[in-house]
Amino acid sequence: YPSSRTTMNLSCNNGEWASAFFDSATAAEEAAAEAEHTLPRYADHTYHDFSTYIKDGGRIEKHKKSDRNFPARLHAILSDEQYSHIIAWMPHGRAWKVLNKKLLVDEVIPEFFGQSKFASFTRQLSGWGFKRLHQTGPDFGCYYHECFLRGHPRLTVLMRRISPGRGKATPNMHSEPDFYTIAKQYPLEKSADVGKKETAAAAAVPRMESSQPNHQWDPYYQR
């Protein structure tokens, strides 16, 4: 049997070992936390198709600004044929593209959003959860949101602003949705079919009365 002195030495050694163990665990946790901040955050392209949401009985509850917030105004712009040479839906109707950046900044953004900078416009897109496509092909450079579909302006009510401050996500091309395959199973109305009724709806969206910047549309504007 070990003597009392030996037992005391074992206790001291165990205490030193426990202290070293917890110090090591703390260091590992700190290193993991630091790595989490330094590792790239890839864009999440998980996609749920909402094209049949209303038809299937999904609830649409309007809120105070749902008819004139940023998504509603943007949908109205895309639905108005007079802007189709500047900004337009892709053939499948699940994403859209800026065709003329200069005209968008000079004519459309000031009229609908009271802004004059493309950077403010893209910050608004990020703030409302729009994602950009980077995969080579016809949809390269397009933006999309699963509740932002051609012919379904009511779905924009489901869109919400996301929390700012997470930083820019790294493109994740391999996980981007294939809208052309989705469109074969769940086709949307063609632009010509929805043009008249949506153009009328677009005309009802109020324009900005002042040329002064209206920062309420910019979710990341620092007041």
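The legends below describe close-up views of a predicted model.

Residues are numbered from 1 along each chain as its sequence is written, and side-chain values use heavy atoms, with hydrogens and water left out. In this predicted model, local features need pLDDT of at least 70 and side-chain atom pairs count only at pLDDT 80 or more, whereas totals for chains, interfaces and linings use all residues.

**View 1. Secondary structure of the protein chain.** The protein chain has 6 helices and 4 strands; helices (H or I, at least four residues) and strands (E, at least two) are DSSP runs, numbered from the N terminus. Along the sequence, these elements follow the pattern α-α-β-β-α-α-β-β-α-α. Of the 223 residues in the protein chain, 35% are buried. Buried denotes under 20% relative accessible area, exposed over 50%, and partly exposed the range in between (1.4 Å probe, protein chains only). The accessible areas come from the Shrake-Rupley method.

**View 2. The salt bridge between Arg-94 and Asp-49.** The closest N and O atoms of Arg-94 and Asp-49 are 2.7 Å apart, and the two residues form a salt bridge, defined as a side-chain nitrogen of Lys or Arg within 4 Å of a carboxyl oxygen of Asp or Glu. Arg-94 lies in the loop between strand 1 (87-89) and strand 2 (96-98), and Asp-49 in the loop between helix 1 (4-38) and helix 2 (70-79), so the pair ties together parts that are 45 residues apart in sequence. Arg-94 is buried, with a relative accessible area of 0%, while Asp-49 is partly exposed at 25%. By the stated rule, the count comes to 4 salt bridges.

View 3. The side chains of Glu-61 and Arg-59 meet in a salt bridge of 2.1 Å, N to O. Glu-61 is partly exposed at 48% relative accessibility, and Arg-59 is exposed at 61%. Lys-62 forms a salt bridge with Asp-67, with the closest N and O atoms 3.7 Å apart. Lys-62 is exposed, at 58% relative accessibility, and Asp-67 is partly exposed, at 47%.

**View 4. A positive surface patch that includes Arg-161.** Lys-64, Lys-65, Arg-68 and Arg-161 form a positive surface patch. Patches are made of residues with over 30% relative accessible area and no salt bridge; like charges are joined within 9 Å, and nonpolar side chains (Val, Leu, Ile, Met, Phe, Trp, Tyr) within 5 Å. Lys and Arg count as positive, with the charge placed at NZ of Lys and CZ of Arg. Arg-161 is found in the loop between strand 4 (143-144) and helix 5 (179-185) and is partly exposed, with a relative accessible area of 41%.

View 5. Lys-117 occupies the loop between helix 3 (101-113) and helix 4 (118-127) and is exposed at 55% relative accessibility. Lys-117 and Val-105 are 12 residues apart in sequence, and their C-alpha atoms are 6.3 Å apart in space. Pro-138 lies in the loop between strand 3 (131-132) and strand 4 and is exposed, with a relative accessible area of 52%. A C-alpha separation of 9.8 Å is found between Pro-138 and Pro-91, which are 47 residues apart along the chain.

**View 6. Cys-142 and Cys-147.** Cys-142 is buried, with a relative accessible area of 0%, and Cys-147 is buried at 5%. The count comes to 0 disulfides, a disulfide being a pair of cysteine sulfur atoms within 2.5 Å.

Key
Areas by Shrake-Rupley, 256 points an atom, 1.4 Å probe, with all protein chains shown as cover.
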